[in-house]
Amino acid sequence: MLKRAGLADILIKDEAEILANWVAEQLSGGAKGGTLSEQEIKESSRAFLSVFATAVKHDYTEQITSAQWDGVRAHLAKLSRERVVQGFSSEDTATFIFSLKKPLFDSLRKSGDDADRLNEEFWKLTQVLDKLGLVTVSEYQKSRQQIIERQQQELLDLTTPVVKLWDSIVALPLIGTLDSERTQVVMESLLDSIVENEAAIAIIDITGVPTVDTLVAQHLLKTVAAARLMGAECIISGIRPQIAQTIVHLGVDLGDVVTKATLAEALKIALRRVGLTVSKLGSVKAGE
Amino acid sequence: MEQIPVLKLGDFLLVSIQVELHDELVLNLQDDLTSRIQRTHARGVLIDISALEIVDSFIGRTLGHIAAMARVLDATTVLVGMRPAVAITLVELGMSLKGIRTALDIDKGMALLRLSLDEASDETGVSPSSP
């Protein structure tokens, strides 16, 4: 009986000592990268120890995928996610678990002198803690990956806003390099907004596009063709002198696409196309 | 025989495609529409494809053919209400349907047809709508 409940017993009996040793271990070892105070480390360590104690209450196996370890794994997953946000390295996060080995082994050793039993306990505990360490690292990486993916998507969405300039005039200020994936997003969002705003004119402003090569030009022409199919006319604006030179040197034929140097010019021609004029206040009054 | 209705609307013919097109259907439409243009002396054709979700190269090409045939029969074709996904598909297939006029919805398509007929009558000096 004593043999079976060894770890659970010492976890209850020596809890305070294990906790103190563990916290000391963490502070001396891998805590340099962290920004946690001693108090915070103590809190998270105590929380983990209580979950861990619950898991090993009635004997335990080293199969940490079993239901018995669900609570511990969930706790570690949460902890890893928090540490990612707090800016810990994966090394620091894993050290949290690995630094628990020494205090636990020390306490186990004090609990008896039956070498075979101790050996058995040590081996089982090592296996479990190693696996839990791996869980922490993999959870850490998963959270990192999620953050990267989210940021990629945000970048994609942020860089392709379609703005409504006037009734039935929309503009798409492009910023950054155009690749195939981005062009797809650009095209879709532009076409959707044409439908949404019942736009007759769409202005594509490429002031923020650093370079235009044949591929980018082809993407632009595709977008223009698709917009035309839906019944909207496209104007390309913001063509810088260097880009004009590149386009001509590359032999890209922009066909009958209207091009303007600045967005203002494009807006002017767009307003004229939809039958509107812009005039000064004074001249309107004089006309009355 | 499955058929897409062709409605006469003054000087124009209105074709509203509300079902998914397949090869036979679009060929039927081509036959039907050309004979209707000839019979009714329509000056303009409005094809509404706002309900069309799927196009392939054959349907795209046939729509282009229909417009070209109408042109030969002296009727202007305006394609209205193409969905973004359909437009992207057609462009990716390399068919930008040059020569077909397009508009966002039936309203704008009708206005475009009227405008182009007015321009045509200005040139010939004969008004199509007044006797």
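Good morning. The crossing of α9(A) and α3(B) is right-handed, and I begin there. Please keep in mind that the structure shown above is a predicted model.

The contact between these two helices is formed on one side by A:K222, A:A225, A:A226 and A:L229 of α9(A), and on the other by B:A87, B:I88, B:L90 and B:V91 of α3(B). Sorted by class, seven of these residues are nonpolar, none is polar and one is charged.

Let me widen the view to the whole contact between the chains. Chain A contributes 15 residues, and chain B contributes 13 residues. On the side of chain A that touches chain B, the elements giving two or more residues are α8, residues 180-197, and α9. That side of chain A consists of nine nonpolar residues, one polar residue and five charged residues.

Which residues of the largest nonpolar core touch the most other members? They are A:A202 and B:V45, in a core of 78 residues. Helix α9(A) supplies the largest share of this core, with eight residues. Setting aside residues up to four places away in sequence, A:A202 touches A:V170, A:L172, A:L190, A:I194, A:A227, A:A232 and A:C234. There is also a second, separate core of 24 residues, and A:W22, A:V56, A:V72 and A:L129 are among its members.

Next, the two chains in outline. Chain A has twelve helices and five strands. Of its 288 residues, 32% are buried. Among contacts in chain A with a separation of 6 or more, 76% are between residues 24 or more positions apart. Chain B, with 131 residues, is 39% buried. Its secondary structure comprises four helices and five strands, in the order β-β-α-β-α-β-α-β-α from the N terminus. For contacts in chain B between residues at least 6 apart in sequence, the share joining residues at least 24 apart is 78%.

Some individual residues also deserve attention. In chain A, consider A:T93, which belongs to helix α5, residues 90-98. Is A:T93 buried or exposed? A:T93 is buried, because 26 other C-beta atoms lie within 10 Å, and the cut-off for burial is 20 or more. Beyond its neighbours within four places in sequence, A:T93 is in contact with A:S80, A:R83, A:F88, A:T136, A:V137 and A:Y140. Of these contacts, A:R83 is ten residues from A:T93 in sequence, with a C-alpha to C-alpha distance of 6.9 Å.

B:D74 is not a glycine, yet its phi is positive, at about 65°. B:D74 sits in the loop between α2, residues 57-72, and β4, residues 76-80. B:D74 counts as exposed, because it has 12 C-beta neighbours inside 10 Å. B:L97, also a residue other than glycine, has a positive phi near 50°. B:L97 is located in the loop between α3 and β5, residues 101-103. B:L97 has 20 C-beta neighbours inside 10 Å and therefore counts as buried.

Conventions. Residues are numbered from 1 along each chain as its sequence is written. Chains are lettered from A and ligands numbered from 1 in the order in which they are written. This is a predicted model: local features need pLDDT of at least 70, side-chain atom pairs count only at pLDDT 80 or more; totals for chains, interfaces and linings use all residues. A crossing is left-handed if the near helix is turned anticlockwise from the far one by less than a right angle, and right-handed if clockwise. Two residues are in contact if their C-beta atoms, placed from the backbone, lie within 7 Å. Ala, Val, Leu, Ile, Met, Phe, Trp, Tyr, Cys and Pro count as nonpolar, Asp, Glu, Lys and Arg as charged, and the others, Gly among them, as polar. A nonpolar core is a set of buried Ala, Val, Leu, Ile, Met, Phe, Trp, Tyr and Cys residues joined through C-beta atoms within 7 Å.
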